Amino acid sequence: MKSKGGIRASAIFTALGLGMIVCAGLKVQDVRPIVNPPIRDENLDVGENNASVSLMGQFRSTASAWLWLRADLYLHNGVEMRPISDEELNRGVSVDNARDDGHEKLHAENEITSVPSKERDFRGIFGDVERQVASYQDMHNHVHNDPVVAMPLYRLMTWLDPQFVQGWTMGGMILARDRSPDGTKRSVDFLKEGWKANPTSVDIPSQIGYTIARRTGNLDEAVQYLEAARKLGRKRERDLADQEREGLRTAYRFLALCYRDEGKPELEKSVLEEGVRAFPDDLILPKLLSRCP
Amino acid sequence: MKLDMRLRMTKLRVWRALARGVLLESLRRKDLWVVAILGFLIICAAGALGIFGINGLQAFAKDLGVTVLGLFSTIMAVVTSCRLLPDEIKQRTLYPLLSRPISRFDLLFGKWLGAVLVTWIAFLLLALLTAGALLTFQVTFQPIMLQYVVAKMMGLAVVCAVSLAMGTYMTPQAAATLSFILAFGSSQIIRGLLMAYDASNPVIGWVFKGINAILPQYSLFDLGGRAANTGWAPVPMWVMGFLLAYMLIYCLGMLGVSWTKFRRQAI
């Protein structure tokens with residue numbers, strides 16, 4: 001009798017425990033949007049929309065993030081850089097800025113070398129030896145390797161993680177450095193492939209339109225892409241991250257210029273007005289608007 | 001004089017025999033099978049790289065090669081060294097060894113020598129496999145690659161000494177965990193100290209200096225960054241000399257730490 005009662009009690013506790021686990025599991029789904037907000041395609045932090053919770057998705061994001069960092073490393077010929085901290089800036093540590101070699105826009109330059117210079121190093125001979133064995137050099141006014149060396153990595157990272165928008169746009173930018181018609185075509189084709197994988201991206205169609213307008217002068221075709229970017233931007237206005245917002249800003253600017261060159265002042269004006277409303281802090285859009293007939 | 005010479009020869013023979021024992025034990029345990037599996041992984045990775053075409057990926061391939069080499073050889077060094085003494089004690093195979101006329105320091109030194117030998121063999125095998133895979137893709141090597149191999153071997157000797165010392169003070173599992181943390185995390189800890197140093201007060205600054213002096217400076221033995229990228233000159237010979245001296249001092253220090261515990265250990 002006792003044992004029967006014991007069994008019954010333990011069964012009840014087990015059922016209760018299981019019930020609590022199930023409830024907690026269901027509740028976790030409600031918490032997920034808070035602790036793990038909707039994924040921003042263009043960022044490395046979380047990964048991809050469809051497979052963000054799968055191990056494969058995480059692996060792909062991690063691998064593409066790692067490749068992204070390696071690409072940055074090869075641009076600096078192996079010299080490891082890191083973002084400078086606010087504290088270091090306040091202390092007067094100078095940023096290892098890049099020379100104007102045409103590649104400086106390929107990455108953020110508010111950086112210093114990970115291996116510190118002699119002045120920033122308390123380690124004495126250990127520091128001296130590390131500066132000899134590591135790929136270290138004084139990076140003030142540094143130049144970059146030709147970004148073409150990193151292009152295969154962008155190809156690899158977008159293959160591994162097709163939702164990594166930054167990989168597509170950076171790859172497109174690198175391909176467009178070849179100013180021949182063939183280079184432009186390869187860049188646009190690469191970006192189109194990226195857009196196919198990321199149909200809600202604003203940055204990619206914006207860059208396609210920008211590249212076509214600048215390189216081929218085919219404004220009609222460019223307008224199609226820039227208008228698509230504008231439309232997507234309006235639709236996703238609230239969840240646009242920095243990179244995508246920049247894409248939208250570029251779309252407004254170039255769309256207005258395209259309409260101006262096509263002799264469509266009304267369309268130009270409406271685009272600029274919308275652009276100023278979306279980016280009240282922008283310096284170029286109001287100027288363009290003031291010149292609009 | 002003759003006696004001294006004979007004593008030295010005897011010691012050499014003892015160390016050689018002990019090192020040979022570690023090597024044979026490693027073969028018996030099929031540790032080198034792990035190397036073979038890791039080597040197979042390298043070949044597979046190289047094959048996957050070949051799918052994308054190696055054109056333009058030379059630096060990446062070399063970078064990947066040195067990263068994988070560093071990772072796998074460190075794992076071998078830690079796993080081989082951590083269990084040397086605890087296993088001998090557990091399996092009671094230490095008694096017949098200690099019943100012979102050899103000191104406990106000789107035993108430690110011979111074991112360390114064996115661990116270094118096993119690790120170096122594994123490293124060189126993996127290096128050959130990696131080099132072969134890279135050469136298939138016409139990746140070229142510069143003279144600094146030779147310095148990379150030599151420096152890495154010295155670094156692995158330090159990893160073995162640290163892991164062996166950990167193994168004398170704790171269980172093999174705990175020793176392996178701590179050794180891995182040091183092997184893969186010490187450079188990050190040092191970077192953290194460097195970043196925090198300027199903002200700290202003088203007392204804390206001295207603490208940071210102390211921590212930096214005690215921590216094994218594994219990153220100094222890694223020339224992978226230079227070897228993988230192009231246009232880096234070989235490092236000066238004084239640097240290689242410094243690394244050799246640091247390796248000897250640190251290894252002797254770690255063996256001393258192990259001996260301090262082991263000589264009084266009741267078995």
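The model is predicted, so to speak of local features a pLDDT of at least 70 is needed, side-chain atom pairs count only at pLDDT 80 or more, and totals for chains, interfaces and linings use all residues. Residues are numbered from 1 along each chain as its sequence is written, and chains are lettered from A, with ligands numbered from 1, in the order in which they are written.

**Overall fold**

Chain A has twelve helices and two strands; these are DSSP runs numbered from the N terminus, with helices being H or I of at least four residues and strands E of at least two. Along the sequence the pattern is α-α-β-α-β-α-α-α-α-α-α-α-α-α. Of the 293 residues in chain A, 36% are buried, meaning that 20 or more other C-beta atoms, placed from the backbone, lie within 10 Å of the residue's own.

**Helices 5 and 6**

Helix 5 (residues 151–160) of chain A packs on helix 6 (residues 165–175) of chain A at about 150 degrees, with the axes 9 Å apart. That makes the two helices of chain A roughly antiparallel, a label for angles over 145 degrees. The angles run from 0 to 180 degrees between N-to-C directions, and the axes are lines fitted to C-alpha atoms over the stretch in contact. Residues in this contact (C-beta atoms, placed from the backbone, within 7 Å) include Tyr154(A) of helix 5 and Trp168(A) of helix 6.

**Meeting chain B**

Here 24 residues of chain A are in contact with 28 residues of chain B. Helix 2 (55–75), helix 4 (125–133) and helix 5 of chain A each supply at least two residues to the chain A side.

The table gives the class make-up of both contacts; Ala, Val, Leu, Ile, Met, Phe, Trp, Tyr, Cys and Pro count as nonpolar, Asp, Glu, Lys and Arg as charged, and the others, Gly among them, as polar.

| Contact | Residues by class |
|---|---|
| Helix 5 with helix 6 of chain A | seven nonpolar, three polar, one charged residues |
| Side of chain A that touches chain B | twelve nonpolar, five polar, seven charged residues |

**Inside the core**

The largest nonpolar core has 120 residues, and Leu226(A), Leu255(A), Cys258(A), Trp112(B), Cys160(B) and Ala161(B) touch the most other members. Such a core is a set of buried Ala, Val, Leu, Ile, Met, Phe, Trp, Tyr and Cys residues joined through C-beta atoms within 7 Å.

Leu232(A) sits in helix 9 (residues 219–235) of chain A and counts as buried because it has 23 C-beta neighbours inside 10 Å.

Note on methods
Angles under 35 degrees count as roughly parallel, over 145 as roughly antiparallel, 65 to 115 as roughly perpendicular and the rest as oblique. Two residues are in contact if their C-beta atoms, placed from the backbone, lie within 7 Å. A residue is buried if 20 or more other C-beta atoms lie within 10 Å of its own, exposed if 12 or fewer, and partly exposed in between; C-beta atoms are placed from the backbone.
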